[in-house]
Structures are given as C-alpha cells and as structure tokens.
Amino acid sequence: MRRIRENNLALVLSGGGARGAAHLGILKSLIKNDLDPDIYIGTSIGAIIAAMMAVHDNIDFVIDKFLAFTRHHSVLHLVDRLFTKSKIKSRGGLIDGARVIEVIAEEAGLTGIKLSQTKKPLYITATDLNSGEEIVFGFPQEFKPRKRTGFKNYYRPVFCPKDILITEALRATIGLPVLFKPYPMKLKGKKRALLDGGIRDTCPFRLAAYLPDVKHVFASVLGYAGEQKVDFNHQDIPHLFFQFLDISTTLSQVGNAAQDALFNEQNAPIVRIVNPGIFSLNPGAFKKSRSIMLSAYHTVKDIFSKFKKMQDFWHKWGGGQADNFLKPRWKLQKLGHPESNIFCITDLKSPLEKELKRKSLKHRFKKIFK
C-alpha cells in the first residue's frame, strides 16, 4: 500500500554515473532527519536509485545492494560481457543495453516489477531523439498538471500511458549517446528513439512541481557547478566527454526549469537543490562509491545543522540564511523569479574533494622527494 502524506515530499535524483552514489548519502541524511520522500523521480543513474527506493522503501537495504553491485561489477566489465558473450553491437550505439539493465535489475530486486507495483510513486524520464521531447514513465498513468491561472502551460512532457515494467523505463533512461543504442518504442502514435533523460533534463524537478499535491521538492544534482580546478587539456577521453555533457546540460537546464511561471504562483512548491560537490571523480569511478556516498551524507548533515528547526529549511531564506552559506565552503544561489522559493546549495569543499586534494598533494611530495 502506498503511503501518501499531507505534505508530499518529492525527491528528484539527477544523472551522473558513479557520482550517483551521492544520492544514497543524501537520502540517508534526509531520512535520518525525518524527511522521508513520498515520491521518487529520477533520470539515468538517479532513476536506478529512485526505482530501488520506490520498490524496497528501505535505505539501508538499497545501500547494501548498490555497494555490493559496485564491488563486483564495473562499466567496462559489463560492456566486455556484452561484447564477448552476447555479441551485441549496433549501428546506433556501441552496445544495446538490454543485458546491462538485466544484470542491474537482477541484483537490485527490480525484475518483473511494473511501475504500478512500487511501494511509493515512481517517475522516470527519458529523451526522445526523434522529437526532442521529454518522455515520462510513471504511475498513475494519467499526468495531471497543476492548474495555472493566467499562464500558458509551456511544460508539456510526453507521458507514457502504459503501466510498463520498470526495466523498460530504465533501459530508456540510462542510454548515453554513442555508447548505447537508442531504445525503440511506439508511443502515442509515434516511433520513439529513447536515450538518457539527462539530455533533455538532467534534474527534472519541474516535473515534480507539476505533480498534484507536491508541496516540497528536494533535488540532488551532480553535474557541473563551475568549480572544477582541473585543466582539461590534460584529461582523458571519459573526463572530457562527461565534462562536455555537464556543461551543455546542467548549467542551462536547472536555470531554465526554475524560470517556469508555475514557481511564481502563490502556492507553488518549495524547491531545495543540493549539489554535494563531487567534482574530481569521473562518472565511471564506481569503486569510489562508498567514499562518494559518505561525503554527500556529511554535506547534507552540515547543511541541516545550520537550521534550528527543519521547518526553517523550507522557509523562504533571507539574509540570515544566506550568511550561513558563504564561500569558501558554500555557494548559495537563488533561482527563478523573485517571488519563487527555489535555492541551490553547492558544497565547494566537500569532504571527498578535500580528501582527494590531500592525497594528491601527498603523492606530489612523494614524487619530488623520491
């Protein structure tokens, strides 16, 4: 039975590859502070974690499953298995992706479960390359946007009217361009070529705001924040590719979504966006999952420690709250219209980044004095 509370909290989890382990740390901190999400929304790696939570509704179980998976598998390991055993190759991408999802679903306990069978509502987004539209998979099947007075509804995602298997939605949302072949699907009379939801919207918090009864939105975004201290003239191909994706998607998408007229309305949902500052690890570093998770946990713990009461976290912040989030540790941004209540906090000196910097300096000194 799905639990629906009076003050629905929607949790939105962005893409980000291995950095997605940060979502688990953020979730752990939220639940420890009695902020148990009612609705899960995700794209790419965020969709996988959102699906696991919506199905199992047990953060410790999901953490154990996720960490066990990352210990036994790697991206290259899965791809190698696909090439050598399944011999999957296509013109639209290097791999088909079906086997990847099959392995993930088996170990995450998602096999054979439909969107309607989760313990809490789940929404997964993908991008249709044929039309450029955002595709939403979720249950209930009927998408009921909020009524808006005086504004044209510009946000028009295509909502899948079918109660499909979670694995089908995950296959659509994890498909990075070139690496994965687009996932074909006929939807509302059109042929679709579905790939990673992050192409269209890497952090779909606007979708959360349009769902009925949602009053609070907490979004975890793992993309570019303009703070990397890295010279990309000397980085490898994976770093360059994902940096390109981060810059071309996260910076523009989050800002554009916050400009939606919905957030200008009197009873608009309150939105808090947290970037836990996982900058230096490339999205394939799954072996660092535990460190990423713990770093994000402490980031949110430190944010919550700034407020005497959790209600204050959701109030519209003024100068007093802004003084709590100053550089060099924090970057605080007010997004959207002046009347909106949307704030984004980025951890510029996250525990993981400080540890990586310390190890890097130690390594340099060793080389110098060797």
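Visitor: Which residue in E11 is the bridge partner of Arg272?

Guide: This is a predicted model, in which local features need pLDDT of at least 70 and side-chain atom pairs count only at pLDDT 80 or more, while totals for chains, interfaces and linings use all residues. Residues are numbered from 1 along each chain as its sequence is written, and side-chain values use heavy atoms, with hydrogens and water left out. Strand E9 (residues 270-275) runs parallel to E11 and is joined to it by five bridges; helices (H or I, at least four residues) and strands (E, at least two) are DSSP runs numbered from the N terminus, and two strands pair if DSSP finds at least two bridges between them. For Arg272, the partner in E11 is Phe343.

Visitor: Which residue in E11 does Trp330 stand opposite?

Guide: Strand E10 (residues 330-334) pairs with E11 in the antiparallel sense, over five bridges. In E11, the residue opposite Trp330 is Asp347.

Visitor: How many residues of strand E11 are buried?

Guide: Buried means under 20% relative accessible area, exposed over 50%, and partly exposed in between (1.4 Å probe, protein chains only). In a regular strand the side chains alternate between the two faces of the sheet. In E11, Ile342, Cys344 and Thr346 are buried on one side, and Phe343, Ile345 and Asp347 are buried on the other. For E11 (residues 342-347), the count is six of six.

Visitor: How far apart are the C-alpha atoms of Pro121 and Ala50?

Guide: Pro121 is found in the loop between H5 and strand E3 (122-128). Pro121 counts as buried because its relative accessible area is 7%. Although Pro121 and Ala50 are 71 residues apart along the chain, their C-alpha atoms are separated by 9.8 Å.

Visitor: How far from Cys344 is the nearest cysteine sulfur?

Guide: A disulfide is a pair of cysteine sulfur atoms within 2.5 Å, and by this rule the count is zero. Cys344 is in no disulfide, and the nearest cysteine sulfur, that of Cys203, lies at 8.5 Å.
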